[in-house]
Amino acid sequence: MNGHTRRDVMKAGLAGLAVPSPTSADEPKQTPARPFLTPEDRFRDVSRGSPLPHTLKGDALVAARLTPETWRLEIVADESAKVAKTFSLKDENAIDLQTLQKMGKTLGVKFLKAMQCLNINQPLGQGLWEGVPLRDVLGLCGKLNNVRRIFYHGFHNNDPKQIFRSSLSYTQVMEATPGELPVFIAYKLNGEPLSLERGGPVRMVVPWAYGFKSIKWLHRITFTNDYKINDTYAEQNNDPDSPMKTAAYVDVPAKKYATGSKVAIRGVAVAGLSGLKSIEYWLRSYEGEPKELAEDDEAWAKAEWKPCRIDDPPTDWKAALPAGMSSKEILGFDPKTGKPATWPLRYSTVSWSALLEGLKPGKYEVRARAVDLNGIAQPEPRPYQKSGKNPIEVRRFEVAE
Ligand SMILES: Nc1nc2c(c(=O)[nH]1)N[C@H]1C(S)=C(S)[C@@H](COP(=O)(O)O)O[C@H]1N2
Ligand SMILES: [Mo]
């Protein structure tokens, strides 16, 4: 079994780094260890638009309604839907940030969620998101009829060609399984106002979905009786209805380790729709040039998968969370004890590691896979990559005198 502690892995990681190795600019550097909540400067960005909305400044930012004072949310209906009350710029009653924050005082929710792009292996970051459930905001519209879907989009330079839009069914917005996270409109991330780059002042956050449902710079929500998905991502051959997959991803290790040193393999895993039971690694030696292992290679059937260690929840939640916040306030945590109801929390990330000892000199490749709560190992049960990138990643390193 892997009885090592996180400290062992940190030490071994540093030992690995200490081995001098020739590096050139195009060789990947060893991935640095990641904190529980991703700091702003390490969050990866996936944004469209020219200019990128988050690069606007001064008057352009004001004209785009992307400052806390100028931001407005329109909630309207197309001709197919019937809605008692709408909110629009035209009627001068669009919803402002103050109104949303005021609702947040009584209805606000906080939860942990990984942001992940359907088309990128590794999650972009893990955040503590704060906002108001979308169903409560839509409640301001009163009685609805002929509403089957909710369409929404953000600021797009007022250029129809640049629009990036998404949608949800009425049911997905209005009702959640007890214990599950609701769709919500977020204005805070990791205890701070949502930055412009992360989609601030206000962004949609769809807990179970890949990033393309979580529209940044949210400007308009439209009720419709159209039952069809209108997502921009659907037009690019992505499965627009795919919940996040359970998957493990492997950090880049050091290139070389000295014989006799401990080799720490680390990575991040996402607990998706089917939850996360365990993570396993497969170490394999090779000679000569690295080769891709074909899907039908018989080595797969003979692979010896060994257990990795999944990081425990932080023992000190106060230190892991933004200042002044208690874990008791977060959805998915026991409000009495402040402990997470499950671990890892669904739709969040967890760090994992494996410590390899006693490796003989030679070349190695290491792979890792997640096993979900149904006992199914990655990339199954949904190996099709346009419903979410979950390939089994491989990393290579050398052990030498
Ligand atoms: N308005 C708008 N929202 C958007 C996008 C965009 O280009 N424009 N990109 C989406 C995609 S595809 C992803 S993966 C996430 C990325 O979120 P992040 O940039 O905060 O990491 O934002 C989503 N929301
Ligand atoms: Mo994405």
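Guide: Let's start in the loop between strand E20 (362-371) and strand E21 (394-400), where you will find Pro-379. Helices (H or I, at least four residues) and strands (E, at least two) are DSSP runs, numbered from the N terminus. This is a predicted model, in which local features need pLDDT of at least 70, side-chain atom pairs count only at pLDDT 80 or more, and totals for chains, interfaces and linings use all residues. Residues are numbered from 1 along each chain as its sequence is written, chains are lettered from A and ligands numbered from 1 in the order in which they are written, and side-chain values use heavy atoms, leaving out hydrogens and water.

The bond that leads from Gln-378 into Pro-379 is a cis peptide, with omega near 0°. Another cis peptide joins Gly-200 to Pro-201, with omega near 5°; Pro-201 sits in the loop between strand E10 (192-193) and strand E11 (203-205).

Now look at phi. In the loop between strand E7 (149-154) and strand E8 (165-169), Asn-158 has a positive phi of about 50°, though it is not a glycine. Its relative accessibility is 67%, so Asn-158 counts as exposed. Here buried means under 20% relative accessible area, exposed over 50%, and partly exposed in between (1.4 Å probe, protein chains only).

Tyr-347, also not a glycine, has phi near 65°. Tyr-347 belongs to the loop between helix H7 (317-320) and E19, and is buried, because its relative accessible area is 5%.
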